Amino acid sequence: MYWLCSSYCISLLNICAEAGLPILSFMNKDMEINGKDDLKSPLLQHPNDVVITVSPSDQILLKKIRTLVFKVVGITCSSCVASIEAALGKLDGVHSVAVSVLQGQAVVKYVPEVITAKMIKEAVEDTGFDVAEFPEQDIAMCRLKIKGMACTSCSESVERALRMVDGVKKAVVGLALGEAKVHFDPNVTNTDRIIEAVEEDAGFGADLISYGNDLNKVYLQLGGISSPVDFTIIQDSLQSLDGVNHVEIDVDEHKVTIGYEPDIIGPRSIIQHIQKAGTGPNTYQATLFTPPRGGETERQHEILMYRNQFLWSCLFSVPVFVFSMVLPMLPPYGNWLDYKVINMLDVGMLLRWILCTPVQFIIGKRFYAGSYHALRRKSANMDVLVALGTNAAYFYSIYTMIKALTSDSFEGQDFFETSSMLISFILLGKYLEVLAKGKTSDALAKLTELAPDVACLLTLDAEGNVISETEIDTKLIEKNDILKIVPGSKIPVDGIVTDGESYVNESMITGEALPVTKKLGDKVIGGTVNENGYIRIKATHVGSETALSQIVELVEAAQLAKAPVQKLADQISKFFVPTVVLVSFATWLGWFIPGQAGLYPRVWIPTAMDAFEFALQFAISVLVVACPCALGLATPTAVMVATGKGASLGVLIKGGNALENAHKVKTVVFDKTGTLTVGKPAVVSAVLFSDVSMEDFCDMTIAAETNSEHPIAKAVVEHAKMFRQNNGSHNDLFTEVKDFKVHPGAGVSGKIGERAILVGNKRLMHLSSVPLGIEVDKYVSENESLARTCVLVAIEGRAAGAFAVTDPVKPGAALVISHLRSMGISSVMVTGDNLSTATAIANQVGIDKVFAETDPLGKADKIKELQLQGTSVAMVGDGINDSPALVAADVGMAIGAGTDVAIEAADIVLMKSNLEDVVTAIDLSRKTMSRIRTNYVWALGYNVLGMPIAAGVLYPFTGIRLPPWLAGACMAASSISVVCSSLLLQYYKKPLHAYRESR
């Protein structure tokens with residue numbers, strides 16, 4: 001009986017929906033009036049299907065709702081559906097359930113914070129049905145800004161804390177970038193828990209920069225909101241839209257964040273839908289707003305924080321320094337500092353204590369917090385060294401002050417100036433370091449700013465005439481929009497030219513200095529500049545799909561990835577701080593015990609100091625002069641600058657691993673078609689063998705070949721048409737060919753007017769009994785020796801002429817091979833083409849070693865053979881057939897105009913499809929690795945030299961010692977020197993450009 005009622009109810013609902021009548025929906029046995037949107041379901045409904053909507057609380061509605069789609073095996077009727085929907089409907093966190101008998105499929109909308117996908121699956125299986133095609137893992141990604149990291153020990157601690165979070169699959173922390181990229185299962189954990197792990201477990205500040213694919217999100221400010229119910233209406237309305245996959249409402253700010261699929265829906269459609277969601281007196285408004293860029297905002301905040309802390313520190317530290325070091329040397333101006341307050345406690349010591357204490361405990365509290373969290377996770381970092389050094393100086397000074405307060409004969413020296421000046425110099429160093437680190441990502445920042453803020457949207461009628469022009473925000477552009485691009489303006493998104501012709505400057509994306517001609521049907525890239533002509537474009541890629549967005553995403557990922565050479569710094573950092581502490585203690589013992597025993601002259605010890613204080617000065621200097629920060633910054637800062645610079649030159653390097661491997665390359669393997677050659681057949685010569693005019697010859701060839709889809713035929717037709725245009729003929733109407741016939745593997749034949757024509761190879765001529773003289777044979781043999789294909793044309797049974805067609809070698813290919821040879825790199829060609837063609841191309845460009853007639857897997861095998869010979873191999877290719885070889889090579893380089901599969905498989909993408917960038921990629925890699933080695937020399941050399949000097953090795957011979965405050969300044973200088981060293985990579989120039997300029 002139940003299934004009869006169910007079928008009747010569903011049929012009634014469908015009839016009412018078609019008639020536009022009010023609908024009643026069954027919701028947990030309670031009947032409520034619902035709108036028409038409640039009928040919308042992602043499944044094709046069957047009379048036996050049941051849709052249940054669970055009435056959630058407003059609080060749940062305003063949380064993130066996810067959609068789960070899976071197959072249910074064994075459902076045959078509405079009774080089965082009823083048992084499944086009843087089991088799922090009573091689960092907390094389930095928003096709605098739609099089950100289709102016809103498709104055997106269930107769609108469940110749920111709140112991941114309340115219930116997991118695994119629990120939903122188990123609930124279905126408990127009803128006795130099997131679940132198939134269940135998405136086992138839904139991986140999400142978020143980016144966090146990590147605050148307070150100073151060295152590799154810090155970044156490793158954050159990574160360790162993130163990886164211990166249940167549900168986190170992968171976590172990468174970039175020290176120089178100050179960011180973390182986390183891949184996690186949203187069914188198990190969320191961004192709040194991830195941020196909590198960073199803050200509680202690792203002890204660093206963390207802010208969410210982005211969640212998921214922010215580039216396919218639209219941020220809207222809502223208007224017309226009068227009650228919490230309005231939020232529910234808007235959210236339900238948005239979630240019913242096809243293509244909307246994420247809705248998040250900020251109730252306090254009246255803002256909504258919407259994730260969408262650009263292939264299905266666009267931001268303008270979403271805004272219109274929100275405006276239509278209101279009924280009666282309730283009308284809603286939605287306007288675009290731009291959220292602040294998290295990374296840039298945080299960087300500016302960090303710069304401001306360090307600057308303010310340094311200035312506040314100076315406000316107290318400078319007087320301490322003056323009272324301690326300057327005024328006592330200028331009697332009688334400093335005599336007032338010696339007035340006794342109580343016993344031996346004088347005014348100078350009391351003032352130094354009062355001024356130093358805020359610096360030590362208020363301004364310097366960040367060092368205490370950092371030390372606490374580092375020691376709690378059983379590691380040590382720069383904060384530990386600074387805290388130990390400043391505490392030793394401060395608390396020994398407190399001891400001295402107490403002794404002076406309680407004794408009428410005690411004479412001792414305090415080190416309050418050591419503590420305060422040390423903190424001031426370290427804060428100055430951090431301020432300068434943050435400023436310098438901000439410049440390492442300048443290239444990336446420039447890329448993100450290339451897209452214009454507004455665009456001109458055209459509305460066309462059916463004939464293509466412009467009805468209206470509207471200026472809109474670039475973020476509101478949707479796929480297939482027609483946009484007007486005037487001279488001098490930037491192209492907002494990727495698209496194709498639908499009208500007009502112009503020159504476009506693409507240097508900011510590809511690095512190509514010369515403007516590129518764009519005409520009807522040509523592709524244009526968002527962020528490039530229209531030089532001089534008016535064009536219309538049709539938007540083909542928006543949001544995260546644009547070339548600019550993908551470049552930015554790739555470079556950001558590369559800057560987070562660690563280079564293998566970074567492992568050296570990671571290994572050193574593990575024992576660096578404990579070693580420094582031991583060396584510092586040994587230094588104190590080495591000066592204190594001999595001093596007490598009188599093993600060195602008493603005159604070495606400054607006046608008003610004893611052996612303990614003298615030794616303590618050396619120990620503190622050793623603690624603070626050692627700098628693990630410089631080691632940690634040596635690699636990531638260089639990688640950041642190099643990847644950003646490479647992107648600006650049209651060379652996209654996918655991370656530090658690719659950057660490091662490229663500098664080891666000794667053999668470069670080139671694919672032929674599309675890599676060394678243009679990849680498109682072109683006519684390189686045309687000759688006549690009869691008295692037929694070239695104009696007539698071209699017209700008849702065009703008529704005969706115009707219907708052929710063969711690439712060689714297209715090349716011949718294009719060349720013939722170009723010849724006619726260059727000679728003043730613009731006639732696009734050619735005589736129709738009769739009796740047209742295709743001869744597979746040979747050519748075509750037909751009649752044009754009363755004249756018979758044959759267009760094809762020698763075999764077709766022989767089959768048609770066309771005599772070929774010595775002149776024809778000589779032309780054919782000469783061109784075949786150059787790997788060219790000869791297309792012969794016979795008119796009325798006589799050879800009239802011929803075209804030589806080839807896939808031409810790319811301009812500059814020979815120069816690239818020559819330059820690689822000068823760099824000590826050998827070149828090899830691997831191709832699926834025949835040996836004679838491959839050899840001819842190899843001879844043209846200067847390659848000695850050729851592997852021809854090789855299939856895709858064979859290419860990968862050749863790569864492995866070369867690797868077994870002990871050489872590091874780079875593979876340069878463009879097609880799907882090159883993908884196995886690109887993966888097998890130590891470094892895969894994909895031509896930017898190649899297939900998506902090849903680009904995905906490669907380590908380096910050459911945006912311009914210019915072979916010169918092969919040289920650029922390898923040379924940039926070598927320069928970067930050289931810079932990293934220089935950075936390590938700066939960092940390690942500084943520590944190797946600085947620590948012995950701080951320990952007083954030179955003091956017995958020269959009387960030179962390093963006061964603790966000066967040691968702190970030196971520590972800050974080491975980090976700054978490493979960052980500035982990396983910044984020199986910004987002045988890198990392409991080697992072949994430099995070579996041409998020198999000539």
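Which residue in E26 does aspartate 494 stand opposite? In this predicted model, where residues are numbered from 1 along each chain as its sequence is written, local features need pLDDT of at least 70 and side-chain atom pairs count only at pLDDT 80 or more, while totals for chains, interfaces and linings use all residues. Side-chain values use heavy atoms, with hydrogens and water left out. The residue opposite aspartate 494 is histidine 541 in E26.

That pair belongs to a set of strands that can be followed one by one. Helices (H or I, at least four residues) and strands (E, at least two) are DSSP runs numbered from the N terminus, and two strands are said to pair if DSSP finds at least two bridges between them. Strand E21, residues 494-500, runs antiparallel to strand E26, residues 535-541, and six bridges join them. Glycine 500 has isoleucine 535 as its bridge partner in E26. E26 also pairs with strand E20, residues 482-485, in the antiparallel sense over four bridges, and here isoleucine 485 stands opposite isoleucine 535. E21, for its part, is joined by two bridges to strand E24, residues 523-524, again running antiparallel, with glycine 495 opposite valine 524.

Strand E8, residues 140-147, pairs with E11 in the antiparallel sense over six bridges, and lysine 145 stands opposite aspartate 207 in E11.

Another open sheet of four strands with antiparallel pairing has the order E13-E14-E12-E15. Strand E13 (244-250) and strand E15 (285-288) stand at its edges, each with a single partner strand, so one side of each is left without a neighbour in the sheet. The twist from one strand to the next averages 30°. Strand E12, residues 217-223, and strand E14, residues 255-260, pair in the antiparallel sense over five bridges, among whose residues valine 218 has isoleucine 258 as its bridge partner in E14. Helix H7, residues 228-239, packs on this sheet, touching E12, E13 and E14, and its direction makes about 165° with that of E13. Helix H8, residues 267-277, lies across E12, E13, E14 and E15, running at about 25° to E12.

Threonine 587 is in helix H17, residues 566-597, and counts as buried because its relative accessibility is 9%, where buried means under 20% relative accessible area, exposed over 50%, and partly exposed in between (1.4 Å probe, protein chains only). Leaving aside residues up to four places away in sequence, threonine 587 touches Phe618, Ala619, Val622 and Ala951. Lysine 672 lies in helix H21, residues 672-676, and is also buried, at 3% relative accessibility. With residues up to four places away in sequence again not counted, lysine 672 touches Thr677, Met829, Val830, Thr831, Asp833, Thr837, Ala838 and Ile841. The C-alpha atoms of lysine 672 and aspartate 807, which are 135 residues apart along the chain, are separated by 9.7 Å.

Valine 953 lies in the loop between helix H31 (916-950) and helix H32 (955-958), and at 45% relative accessible area valine 953 is partly exposed. Together with Leu945, Ile949, Leu954 and Ile960, Val953 forms a nonpolar patch on the surface, with about 420 Å² of accessible area together.

How values were computed:
Contact means heavy atoms within 4.5 Å. Patches are made of residues with over 30% relative accessible area and no salt bridge: like charges are joined within 9 Å, nonpolar side chains (Val, Leu, Ile, Met, Phe, Trp, Tyr) within 5 Å. Accessible areas come from the Shrake-Rupley method with a 1.4 Å probe; for residues, only the protein chains shown count as cover. A salt bridge is a side-chain nitrogen of Lys or Arg within 4 Å of a carboxyl oxygen of Asp or Glu. Axes are lines fitted to C-alpha atoms, for helices over the stretch in contact, and angles run from 0 to 180 degrees between N-to-C directions.
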